[in-house]
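Dear colleague,

Please find below the structure that I am handing over to you. My notes on it follow directly after.

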Amino acid sequence: MRDRRDSSDAGARRCIASGASRPRDELLRFVVGPGGALVPDLGESLPGRGLWISAERALLAKACERGLFARAARRPIAMAPDLIDEVERQLTVRALDVLGLARRAGGLVTGFDKVERALVKRRVAVLVEASDGARHGRARLGALARDLPVIAHFDGAMLSRSLGRENVVHAALAPGRLADRFLRESARLAGVREETGDRDRA
């Protein structure tokens with residue numbers, strides 16, 4: 001059972017590195033495990049008092065370098081030397097897993113023609129583009145996307161593996177809960193990678 005001080009699903013939390021109160025969608029949760037090890041709890045499901053920090057690489061580095069996790073926990077902790085890279089890896093997996101769920105639920109289409117048709121019919125909440133995809137194709141679909149978020153955090157090989165398809169370059173998520181989840185994970189991943197913005201036209 002989660003600590004009562006950390007039980008609300010809504011509202012803001014205080015970042016241990018900046019001291020600012022921010023929406024929890026913009027934060028990362030950590031807990032101290034039974035052995036005193038600091039554990040990322042990105043799904044916010046582990047028991048114990050949560051240590052919250054903004055999903056920004058610079059603030060994570062500051063917390064690690066200055067012992068802010070131990071100070072907030074009020075106890076000594078053991079911290080992996082590659083903690084930030086591990087957080088980035090886990091966020092990448094979480095975002096790609098959401099895409100896989102959306103595909104199985106029928107809420108995601110892939111392939112240039114299918115994505116183009118979905119964009120024309122305005123049935124898209126998020127456009128996903130392989131970071132190594134051809135510029136011409138990405139620019140053409142990007143123009144159709146207009147003000148929609150365009151996520152290009154993953155290369156074609158990563159998208160193909162996560163979706164169980166070959167040569168995935170373009171994908172489109174339909175509006176709904178999974179699109180919202182994907183945007184949250186993508187935003188947190190971008191912060192930890194020190195990327196800015198959701199739209200990547202390069």
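The protein has seven helices and nine strands, where helices (H or I, at least four residues) and strands (E, at least two) are DSSP runs numbered from the N terminus. Its radius of gyration, taken over C-alpha atoms, is 18 Å, close to the 17 Å of the globule rule for 202 residues (2.2 Å times the number of residues to the power 0.38), so the protein is as compact as a globular protein of that length. Along the principal axes, the C-alpha atoms fill a box of roughly 55 × 30 × 30 Å.

This is a predicted model, in which local features need pLDDT of at least 70 and side-chain atom pairs count only at pLDDT 80 or more, while totals for chains, interfaces and linings use all residues. Residues are numbered from 1 along each chain as its sequence is written, and side-chain values use heavy atoms, leaving out hydrogens and water.

Of the 202 residues, 45% count as buried, meaning under 20% relative accessible area with a 1.4 Å probe, protein chains only.

Beyond its neighbours within four places in sequence, Ile53 is in contact with residues including Cys15, Leu28, Phe30 and Phe69.

Yours sincerely

Terms used. Contact = heavy atoms within 4.5 Å. Buried < 20%, exposed > 50% of the residue type's maximum accessible area, 1.4 Å probe, protein only.
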